[in-house]
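Q: I'd like to learn how to read a few features off a model like this one. Can we take them one at a time, with the general idea and then the case at hand?

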Amino acid sequence: MTGRAVVPVAWQTMPLPSTLPESGAKRLAVRVTPDARRQIAAGHPWVYDESIVSISHKGTAGDLAVIFDDDRKFVAIGLNDPASPIRIKIIHRGRPTPIDAAFWRQRLDAAMARRGALIASGHTTGYRCINGENDGFPGLVLDRYADTLVLKLYTAAWFAHLATLVPVIVAALHPK
């Protein structure tokens, strides 16, 4: 990553470290066992290392891993985490789609909509905005405490996506 990414926040700026890794430009092509494909189709959010039959190249943490069936038909896409036994964290299944700021905004909006009644009730200013796998952000949790957001990462796979994700979060939730 060249330079420093700066996220505008109401009255201040929140700089992201200039040393954030970037996701590889080349996607990983992955084939998994038939059982893993069935689990992915049923909504399971992870692919374990032992379920991978073949992978195009080693890749780094955060690289997008595109899972194909034996006929090279798209199955899902996930975040690669080569240092974990949970090798791929599934972020999308079904039809191919670009993984970009619009994708993450749609996911965040859907997560916030699920919490709409809680937020609208006005009974609390502290709640979980993103609950990891349940909201399509495996290994990532975002909590809100009034005007403060706390982002918790449980996998190195997210570091390469922070430069895209943090501005989306800030624009949608307006933390101070």
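Q: Let's start with K152: is it buried, partly exposed or exposed?
A: This is a predicted model, so keep that in mind throughout. K152 is partly exposed, at 26% relative accessible area.

Q: And which residue does the side chain of K152 meet in a salt bridge?
A: The general idea is that side chains of opposite charge can pair when their charged atoms come close. Here the partner is D143, with 2.8 Å from N to O. D143 counts as buried, because its relative accessibility is 3% and the cut-off for buried is under 20%.

Q: How many salt bridges does the structure hold?
A: There are ten. R87 and D49 make one of them, with their closest N and O atoms 3.0 Å apart. R87 sits in strand β8 and D49 in the loop between β4 and β5, so this pair ties together parts that are 38 residues apart in sequence. R87 is buried at 11% relative accessible area, while D49 is partly exposed at 38%. There's also a network of salt bridges that links R31, R37 and D70.

Q: Which residues of α1 are buried?
A: A36, R37 and I40 are the buried ones. They're on the same side of α1, because they cover an arc of only 100 degrees around the axis. R38 and A41 are exposed on the other side. The cover over the buried residues includes β3, β4, β6, β7 and β8. Just after the helix, G43 takes a positive phi of about 105 degrees.

Q: Now strands. How many residues of β7 are buried?
A: Seven of the seven, so β7 is largely enclosed by the rest of the structure. Look at its partners too: β6 and β7 pair in the antiparallel sense over five bridges, and V66 has I77 in β7 as its bridge partner. β7 also runs antiparallel to β8, again joined by five bridges. Across that pairing, the bridge partner of G78 is I90 in β8.

Q: What joins these strands along the chain?
A: Hairpins. The one formed by β6 and β7 has five residues between the strands, and R72 in its turn has a positive phi of about 65 degrees. The hairpin from β7 to β8 also passes through five residues.

Q: How should I think about the core, and which residues touch the most other members of the largest one?
A: In soluble globular proteins, nonpolar side chains tend to be buried together. The largest nonpolar core here has 25 residues, and I91, W104, C129 and L173 touch the most other members. The elements that give two or more residues to this core are β6, β7, α2, β9, β10 and α4. Apart from this core lies another one, of 13 residues, with L28, I40, I52 and A76 among them.

Q: What is C129 in contact with, leaving aside its neighbours within four places in sequence?
A: Its contacts are A111, M112, R115, D135, L142, D143, R144, L149 and L173.

Definitions and conventions: Residues are numbered from 1 along each chain as its sequence is written. This is a predicted model: local features need pLDDT of at least 70, side-chain atom pairs count only at pLDDT 80 or more; totals for chains, interfaces and linings use all residues. Side-chain values use heavy atoms; hydrogens and water are left out. Buried means under 20% relative accessible area, exposed over 50%, partly exposed in between (1.4 Å probe, protein chains only). Helices (H or I, at least four residues) and strands (E, at least two) are DSSP runs, numbered from the N terminus. The arc is that of the directions from the helix axis to the C-beta atoms. Contact means heavy atoms within 4.5 Å. A nonpolar core is a set of buried Ala, Val, Leu, Ile, Met, Phe, Trp, Tyr and Cys residues joined through side-chain atoms within 4.5 Å. Two strands pair if DSSP finds at least two bridges between them. A salt bridge is a side-chain nitrogen of Lys or Arg within 4 Å of a carboxyl oxygen of Asp or Glu.
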